Amino acid sequence: MGDRFQVIVDLDADEADAGRLARRVVERLVSEGVVLAERTNCVLGQPLGHPPGPHWERAVTDDWDLEP
């Protein structure tokens, strides 16, 4: 068993936009049921993270060799 994660990045965002954009991404993932809103100790090596939601499978694929 292993861990896999995806980082979502806006290459055009600057530091001033980062917090606002991060909140929008989390709100969207929560509204789609991909993650839960409350943060827990579910992430290895990090104090807190958003656990999988009821529709987590919308964010994963069986084909890990896809181009980003």
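## Surface patch

Patches are made of residues with over 30% relative accessible area and no salt bridge, like charges being joined within 9 Å and nonpolar side chains (Val, Leu, Ile, Met, Phe, Trp, Tyr) within 5 Å. In this predicted model, local features need pLDDT of at least 70 and side-chain atom pairs count only at pLDDT 80 or more, whereas totals for chains, interfaces and linings use all residues. Residues are numbered from 1 along each chain as its sequence is written, and side-chain values use heavy atoms, with hydrogens and water left out.

V7, V9 and L11 make a nonpolar surface patch of about 350 Å², where accessible areas come from the Shrake-Rupley method with a 1.4 Å probe and, for residues, only the protein chains shown count as cover. V7 belongs to the segment before α1 (15–31), and V7 counts as exposed because its relative accessibility is 54%; the classes are buried (under 20% relative accessible area), exposed (over 50%) and partly exposed (in between), with a 1.4 Å probe and protein chains only.

## Chain and helix

The chain has one helix and zero strands, helices (H or I, at least four residues) and strands (E, at least two) being DSSP runs numbered from the N terminus.

The 17 residues of α1 should span 24 Å at 1.5 Å a residue, and the end C-alpha atoms of α1 are 25 Å apart, which agrees; the expected span is 1.5 Å times one less than the number of residues in the helix. At the start of α1, a side-chain oxygen of D14 comes to within 3.1 Å of the backbone nitrogen of A16, while G33, with a positive phi near 75°, follows α1.

## Salt bridges

Side chains of opposite charge can pair when their charged atoms come close. The structure holds three salt bridges, each defined as a side-chain nitrogen of Lys or Arg within 4 Å of a carboxyl oxygen of Asp or Glu. One of them joins D17 to R20, with the closest N and O atoms 3.5 Å apart; D17 and R20 both lie in helix α1, three residues apart, about one turn of the helix. D17 is partly exposed at 25% relative accessibility, and R20 is also partly exposed, at 40%.

R28, E32 and R58 are linked in a network of salt bridges. R28 pairs with E32, the closest N and O atoms being 3.5 Å apart, and the side chains of R58 and E32 meet at 3.4 Å, N to O. Because R58 and E32 each lie in the segment after α1, this pair ties together parts that are 26 residues apart in sequence. R28 is exposed, with a relative accessible area of 55%, whereas E32 is partly exposed at 32%.

## Surroundings of H50

H50 is found in the segment after α1 and is partly exposed, with a relative accessible area of 26%. Leaving aside neighbours within four places in sequence, H50 is in contact with V26, V35, L36, A37, E38, R39 and C42, contact meaning heavy atoms within 4.5 Å.

The C-alpha atoms of H50 and L36, which are 14 residues apart along the chain, are separated by 5.8 Å. The side chain of H50 reaches the backbone oxygen of L36 at 3.0 Å, and a polar atom of the H50 side chain lies 3.2 Å from the backbone oxygen of A37.

Key:
A polar contact is a pair of N or O atoms within 3.5 Å; within protein, one must be able to donate a hydrogen and the other to accept it, and residues adjacent in sequence count only if both atoms are side-chain atoms.
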